[in-house]
Amino acid sequence: MVDSISANTATNRINAGSQMMASNFETFLTLLTAQLKNQDPLSPVDSNQFTAQLTQMAGVEQQLLTNDLLKGLLAAQQGSGLAGAANYIGKDATAVWGATKLENGQASWSYELGANAATATLQVLDSAGKVVWSGDAPSKTTGVHDFTWDGKTAGGGDAPDGVYTLKVTAKTGADQAVDAQVLIRGRITGVELYDGQPYATIGASILPLSSLIALDEARQASTPTTPTDDDPSLMSSIASALNPFKLLS
């Protein structure tokens, strides 16, 4: 499995490689100069061999310049990454992510089942990976369901505020595993950079943009309209109220 490399990690590797190449480049120049100074005048360095050495030296110099260019591109990418991530702010999002904060005795997740399950168990784990609560999932049917934990531990105590992770396990009546995943859903309220990677804030969760699987336009709350003098319905209501036949009836 190939792990992704952050911009900062790539920059550090490029810097380390550049330092090594620069050191080798200086050593190469020193050796080449010493070779030319101490060569036998009656048997000088072969021109083809000398040309090959100069070509190698030029190749090293070119690689050093390329590394500098790559560092510049990575730095630019970091800046544009945050600017691009800002376009996500205000959108309703769904992410495959299991970590969120317990705040004021409440933590919320969603979970999705790929098929109807005979049994479905939810587990809440603390930052050390220890199960602090477990229980039956509130719904075992296919689809996305919401779950809110009240912060109570398996022993009945109150868990301290902090980051907790939800785990879901589901099986059919034949004891076969059902595909399941934990989701975070909500509106993106902010974006940040961590180790060169953009992260989004959804509710009490901070998660990488790479975990997002769906984006929607934020739903606007409907507001009642206020009738104006130009509103035909208002004018007709006034005319109906002033109808002389109604006044005489």
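Predicted model: local features only at pLDDT ≥ 70, side-chain atom pairs only at ≥ 80, totals over all residues.
User: Which residues of the largest nonpolar core touch the most other members?
Analyst: Side-chain values rest on heavy atoms, without hydrogens or water, and residues are numbered from 1 along each chain as its sequence is written. A nonpolar core is a set of buried Ala, Val, Leu, Ile, Met, Phe, Trp, Tyr and Cys residues joined through side-chain atoms within 4.5 Å, where buried means under 20% relative accessible area, exposed over 50% and partly exposed in between (1.4 Å probe, protein chains only). Of the 32 residues in the largest such core, those that touch the most other members are Trp109, Leu122, Val124, Phe147, Trp149, Tyr164 and Leu212.

User: Which elements give two or more residues to this core?
Analyst: Helices (H or I, at least four residues) and strands (E, at least two) are DSSP runs, numbered from the N terminus, and the protein has four helices and 12 strands. Those that give two or more residues to this core are β1, β3, β4, β5 (131–136), β6 (143–149), β7 (162–171), β9 and β10 (197–202).

User: Is Thr94 buried or exposed?
Analyst: Thr94 belongs to strand β1 (residues 92–96). Beyond four places in sequence, Thr94 is in contact (heavy atoms within 4.5 Å) with Leu183, Ile184, Arg185, Ser211, Leu212, Ile213 and Ala214, and Leu212 in turn touches residues including Tyr88, Ile188 and Leu207. Because its relative accessibility is 17%, Thr94 counts as buried.

User: Which residues lie nearest the centre of the largest pocket?
Analyst: A pocket is an open set of points on a 1 Å grid over the protein atoms alone, where a 1.4 Å probe fits, with protein on both sides within 12 Å along at least five of seven lines, and its lining residues have an atom within 4 Å of a point. The largest one holds about 360 Å³ of space, a volume being the space filled by probe spheres set on the points, which are joined across faces, edges and corners. Among its 22 lining residues, those nearest the centre are Ala93, Ile184, Arg185, Gly186 and Arg187.

User: How far apart are the C-alpha atoms of Ala118 and Thr172?
Analyst: Ala118 sits in the loop between β3 and β4 and counts as partly exposed because its relative accessible area is 44%. Neighbours within four places in sequence aside, Ala118 is in contact with Lys140, Lys171, Thr172 and Gly173. Although Ala118 and Thr172 are 54 residues apart along the chain, their C-alpha atoms are separated by 4.8 Å.

User: What is the phi of Asn104, in degrees?
Analyst: Asn104 lies in the loop between β2 and β3, and it counts as exposed because its relative accessibility is 77%. Asn104 is not a glycine, although its phi is positive, at about 55 degrees.

User: Which element has the lowest mean pLDDT?
Analyst: For the protein the mean pLDDT is 78, with 61% of residues at 70 or more. Over residues 241–249 pLDDT stays under 50, and the model has three contacts beyond four places in sequence for them. Strand β4 (residues 119–125) has the highest mean of the elements, 98, and the lowest, 42, belongs to helix α4 (residues 244–248).

Conventions. pLDDT = per-residue confidence, 0-100.
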